[in-house]
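Subject: Structure for your files

Hello,

Here is the structure I said I would pass on. My notes on what was found in it follow below.

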Amino acid sequence: MNAANQTDVIESLKSTEGRVLVLDFGSQYAQLIARRVREQQVYCEIVRHDITAEQVRRHNPSGLIFSGGPNSVYEDGSPQPDPELFELGLPILGICYGMQLVCNSLGGQVASVPCREYGPTQVSVTHRDPLFNEFPAETQVWMSHGDQVQEVPEGFESLAKTGTCPIAAVKHRDRPLYGLQFHPEVTHTPQGKTLLKNFLYEVCHCPGNWQLEDFAKEQIAKIREHVGNDRVICGLSGGVDSAVVAALLYRAIGDQLSCILVDNGLLRKGESQLVVDEFTDHFKTDLHVVNGESVFLEALEGITEPQEKRTVIGHTFINCFKQASESIDAVKFLAQGTLYPDVIESGAAVDGPAATIKLHHNVGGLPEELGFELIEPLRDLFKDEVRALGLELGLPEKIVWRHPFPGPGLAVRCLGEIKKDRLDVLREADAIVIDEIHQAGLYRKTSQLFAVLLPIQSVGVMGDARTYENALVIRCVDTDDFMTADWTRLPYDVLAKMSTRIINEVAGVNRVCYDISSKPPATIEWE
Ligand code: XMP
């Protein structure tokens, strides 16, 4: 390792000082806890619930948070923490099931209550403690539990209560061990942030200086050390995740990186060129562009069924990528833009403490049979953090803030059979709606906007002539997580401009509709 690398590593070690580990006991909110902690500028990772005390020591955290979970702590086989964790002298905050674990493990009593408490509840703070600094004496919190702590362990005291839960928060008198029966991480606990902040700053004494800048330095050092003198390939798609991975890799290993852009003919207007310009002019990467339009169109011929389209596109992509990668010598690693939510959803993080560089099959990614070792430097980040990192690395806003685009591209927005002329109609209309939303200053305020070409024609009149042409749909949604979404109430005048321009400028379209369905029951994409 050269001197510059060593400096990076030393800096990265400094930057992870004050990290917190969230032990996941099966909670649907573990990710949210991690996110809330990072919002306080404290680095945080989710780890398996049965992480050993020795493994925890190696992470050198400033504190631990035990997440909630669906089990009962007294049930056989319920997930339990290593008892030695309580002997590390580290601050621990147990949330819901996590609080019950703390109490049960240290000699308290937990039992089920006749009536499950679910939803907003008023909590009253009965004992003041640094954890409750600036927290109102009475306020709303979110409860979701069927068990309760009936008796605190020796040395503990109760700090808060609700109408039905006399022990809603606990603390050890002399040791930094805390528990909250309610969920501070959800927005339905409006003052929850204050509690987490107090735990991180007042109890764990975290410096609160974690920044993405440090993350970038840390990753760059790790990548250099891991990759050594070998070569890495990275697929570029036009999306933000792959662009950020490539930019990060480029900063770390420069010309040891080769990028592959498979232009499948299903990309948005100007997308391929945007990526080519950025990764040859700005980041001077060894970029291999595969012009796959005809191969994809041929493979898709006659296919109308959405799943079949996706499968064919997936296989064709792998073949094109494989061929391109074979033309590059001595590749050892494949870099992918897997994000934290993908890792959590795939269960990989729960298989072991999240490692930054490890083998993991990305959902919808390339198959392991390609024989490369995976590098996934974004696997600890949330989407908004990836965007911030992209800007930090010098990527332009038009890449970093691009609305998401599905892997199968325009094929799932061109309903029915895929033909070049239909794709061109869709691409032009799509470019118009995107242009208009930019003009209206609403691009960043909406989550995803695009056009969908329907496989039906409708009657119209243009000039004095009857037309019988394509119907097209504008889809625009607002969402935080893309799991649920609401249709955007776009101003009528913006919609009117989009419609007028499409009908005037895109030959072959005589009718424009606006999709007013939410997800669920509709999905965001039409196929
Ligand atoms: P749906 O249609 O399932 O879409 O509500 C949710 C989000 O996922 C995107 N999407 C995909 N992204 N490959 C991707 O990379 C895909 O096959 C795919 N299908 C949907 C969609 O654009 C939306 O943001």
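Of the contacts in the chain with a separation of 6 or more, 73% are between residues 24 or more positions apart; contact here means heavy atoms within 4.5 Å. This is a predicted model, in which local features need pLDDT of at least 70 and side-chain atom pairs count only at pLDDT 80 or more, while totals for chains, interfaces and linings use all residues. Residues are numbered from 1 along each chain as its sequence is written, and side-chain values use heavy atoms, with hydrogens and water left out.

The chain as a whole

The chain has 15 helices and 18 strands; these are DSSP runs numbered from the N terminus, helices being H or I with at least four residues and strands E with at least two. Its radius of gyration is 26 Å, close to the 24 Å that the globule rule gives for 527 residues, so the chain is as compact as a globular protein of that length. The radius is taken over C-alpha atoms, and the rule is 2.2 Å times the number of residues to the power 0.38. The C-alpha trace spans about 85 × 60 × 40 Å along its principal axes.

Of the 527 residues, 56% are buried. Buried means under 20% relative accessible area, exposed means over 50%, and partly exposed is in between (1.4 Å probe, protein chains only). Accessible areas come from the Shrake-Rupley method with a 1.4 Å probe, and for residues only the protein chains shown count as cover.

The ligand site

Which residues are around the ligand? They are Arg310, Pro404, Pro406, Gly407, Pro408, Gln448, Phe482, Lys519, Thr523, Ile524 and Glu525, where near means that a heavy atom of the residue lies within 4 Å. This shell divides into five nonpolar, three polar and three charged residues. In that count Ala, Val, Leu, Ile, Met, Phe, Trp, Tyr, Cys and Pro are nonpolar, Asp, Glu, Lys and Arg are charged, and the others, Gly among them, are polar.

A polar side-chain atom of Gln448 is 2.8 Å from a ligand oxygen atom. For Lys519, an N or O atom of the side chain lies 2.6 Å from an oxygen atom of the ligand, and for Glu525 the corresponding distance is 2.5 Å. The protein covers 67% of the 490 Å² of accessible area that the ligand has on its own.

Lys519 also takes part in a cis peptide bond, to Pro520, with omega about -15 degrees. The bond from Pro520 to Pro521 is cis as well, with omega near 10 degrees. For context, most peptide bonds are trans, and most residues other than glycine have a negative phi.

Positive phi values

Asn60 is not a glycine, yet has a positive phi of about 50 degrees. Asn60 sits in the loop between α3 and β3 (63-66) and is exposed, at 58% relative accessible area. Ala330 has a positive phi near 50 degrees; it lies in the loop between α10 (306-326) and β13 (331-335) and is exposed, at 64%. Gln41, which follows α2, has a positive phi near 60 degrees.

Individual residues

Is His49 buried or exposed? At 18% relative accessibility, His49 counts as buried. His49 lies in the loop between β2 (44-48) and α3 (53-59). Not counting residues up to four places away in sequence, His49 touches Leu23, Asp24, Phe25, Pro79, Gln80 and Pro81.

Gly416 is in the loop between α13 (397-400) and α14 (420-439) and is buried, with a relative accessible area of 15%. With residues up to four places away left out, Gly416 touches Ile303, Thr304, Lys309, Pro455 and Glu527. Gly416 and Glu527 are 111 residues apart along the chain, and their C-alpha atoms are separated by 9.8 Å.

Asp384 belongs to helix α12 (residues 383-392) and is partly exposed, at 40% relative accessible area. The side chains of Asp384 and Arg35 are joined by a polar contact of 2.7 Å. A polar contact is a pair of N or O atoms within 3.5 Å; within protein, one must be able to donate a hydrogen and the other to accept it, and residues adjacent in sequence count only if both atoms are side-chain atoms.

Regards
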